[in-house]
Amino acid sequence: MSQTTTLTESEPTSSRTHVEGMGPIILDNAVAFRVWAPNADSVSVIGDFNQWDKDAHPLEREDSGCWVGIVEGAKPGDQYKYQITAGDKTFQRIDPRVREVTNSVGNGIIHDPNFDWQDDDFQMPAWNELVIYESHVGTFFRDGKDGVGTFDDYAKKFDYLRKLGVNALQIMPIAEFAGDYSWGYNPAHPYAIEEAYGGPQGFKTFVREAHRAGFAVILDVVYNHFGPSDLDLWQFDGWSENNKGGIYFYNDYRSSTPWGDTRPDYGRGEVRSYIRDNAMMWLEDYHVDGLRYDMTLYIRSVDASGQQEIPEGWGLTQWINREIHAFKPSAITIAEDLQNNDYLTKSDIEGGAAFSTQWDANFVHPIRDVITQPDDSGRDMMKVRHALQHAYNADAFQRVIYTESHDEVANGKSRIPSEVDGEDPGNWYSQKRSTLGLSLVLTAPGIPMLFQGQAILQDGWFTDTSELDWENASEYSGICKLTADLISLRLNQSGISKGLTGQHVDVFHVNNKDKVVAYRRSYDGGPGDDVVVVANFANQHFEQYEFGLPNSGIWKRRFSSDQSRYSEDFGNDASGDIEAIADAYDGQSHRGRIELPPYTVLIYSQDPV
């Protein structure tokens, strides 16, 4: 999606209007501009290159409703806008395709697309070997300075993330938004990169260095609405119906979203291409490894009921996903829909939307409910069982599983430690039940995701103004180690836990009276593959607890969330290695007998043969 076009010196200027592309198109010693404004009576480009003279460079209208022209001497770095006349109104607009702006209400900047990627050839991990870390550039790390965090600041924590063991960074939206502080789900200029974070050059450098450090980069994109503020797309060329958004938006009841009347018109070819090209830009020009689509429910339907369907919205996601997977088969596309709809992750041939995977409401909501219940009696082990077993289209990796995300720890909800004890979120109960949740995320079938700060026991709730409390990384360094140990097992880095990378789960032990669950994870099965997880959801210490085991021999304890090296508050009381007892139990051929501390997860496997 290069914006650079080379022409020969002998080619006459008049013929250069035949250049392809939208927005600013860099030529030799000139820049072409093309903008879609079908209802305008005239359009000119104004900027540094013509002293902002509206009469200097009028654009010519094309049959498509686009306006095009060439400005000799314009160059990368110049600021510009379009001046549009429609009827008796004359107004200025920032280019919808601009890659860089001074700020959301400022000017467009002609962006130089050239960048030294230094032979970046990063290979995306297989989806069954992904551990995603969701994060927000503005609050992740600020390196001791005022204002928002930047791409450069974030990169300074790559060593921390590498030691933690995650291998995919899911970045909350970075398209230019109103002001400097935002979650990012209010894109004012979908093609431009938030200047406060470092702009397009900063993001390219971030992706290149993330790849060099071993991280895939997955980017949040927002196509269910634009804006709603600082939105030059609104009534872009002066036309609208029902006083709504004009050419880029629905102008009837379909415009309505929780974020204003700002739903794009998915049925209009130019708007569909605008969104498709935006999605491809991130992969082609910024080398990202996947996209996470914000709340697809509002792309495929008008309201939260999902009953007023928008068929062309569904078709648009099919088209974009098809294009992405053809361009980069390893790229992952993630839907946030949360309606447990299998068709989101079915192929388009089957009528599905062709997403690779989707956030799983059937995991996060029951698991959060179980671990945050105030009393043990309220913890329902059947909810745990169903959460562990759930899959879309019989494929465990068509779901992303988590207990914390930007949505789950805001909007009236807090992070797990504060949900457990809002007065003392660092106490034994909060540590124990938070690590219980982490252990389930990293041992259940699916693609696990952590939210920024989860591994350092961040409390409170997420805002776009407060930086992570990095002092927690020292105070709760043991929780970081616990998380890293779980991730190492999840990725089978020692060759003793392959089952955690597999599809299969057998929840063979459900004890709702004592609040204990045990399950087997497997890839192909057998020693070195089978992993048995035992989870105690109660404040009860068992001296002798029995559960089934699938094979004879020695089962080595690979992990205990009760180890004192993870927290000085933990008891270090769990059993170590055990030998399977030749007596059938829980539908398994053998049984195990262990000491099981309260609110503790133990993981067992056998050495490979």
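**Loops, charges and cysteines**

I looked up Thr257 and found it in the loop between strand S14 (216-221) and helix H5 (269-284), where helices (H or I, at least four residues) and strands (E, at least two) are DSSP runs numbered from the N terminus. This is a predicted model, in which local features need pLDDT of at least 70, side-chain atom pairs count only at pLDDT 80 or more, and totals for chains, interfaces and linings use all residues. Residues are numbered from 1 along each chain as its sequence is written, and side-chain values use heavy atoms, with hydrogens and water left out.

Thr257 has 10% relative accessibility and so counts as buried; buried means under 20% relative accessible area, exposed over 50%, and partly exposed in between (1.4 Å probe, protein chains only). I noted that Thr257 and Asp303, 46 residues apart in sequence, are 7.0 Å apart in space, C-alpha to C-alpha.

I then turned to the backbone. Most residues other than glycine have a negative phi, and most peptide bonds are trans. The bond from Gly227 to Pro228 is cis, with omega near 20°, and Pro228 lies in the loop between S14 and H5. Asp230 lies in the loop between S14 and H5, and I recorded its positive phi, near 50°; Asp230 is partly exposed at 25% relative accessibility. Asn29 has a positive phi of about 60°, sits in the loop between strand S1 (23-27) and strand S2 (30-36), and is exposed at 58%.

Last, I checked for disulfides (pairs of cysteine sulfur atoms within 2.5 Å), and the count is zero. Cys66 is buried at 8%, and Cys480 is buried at 12%.
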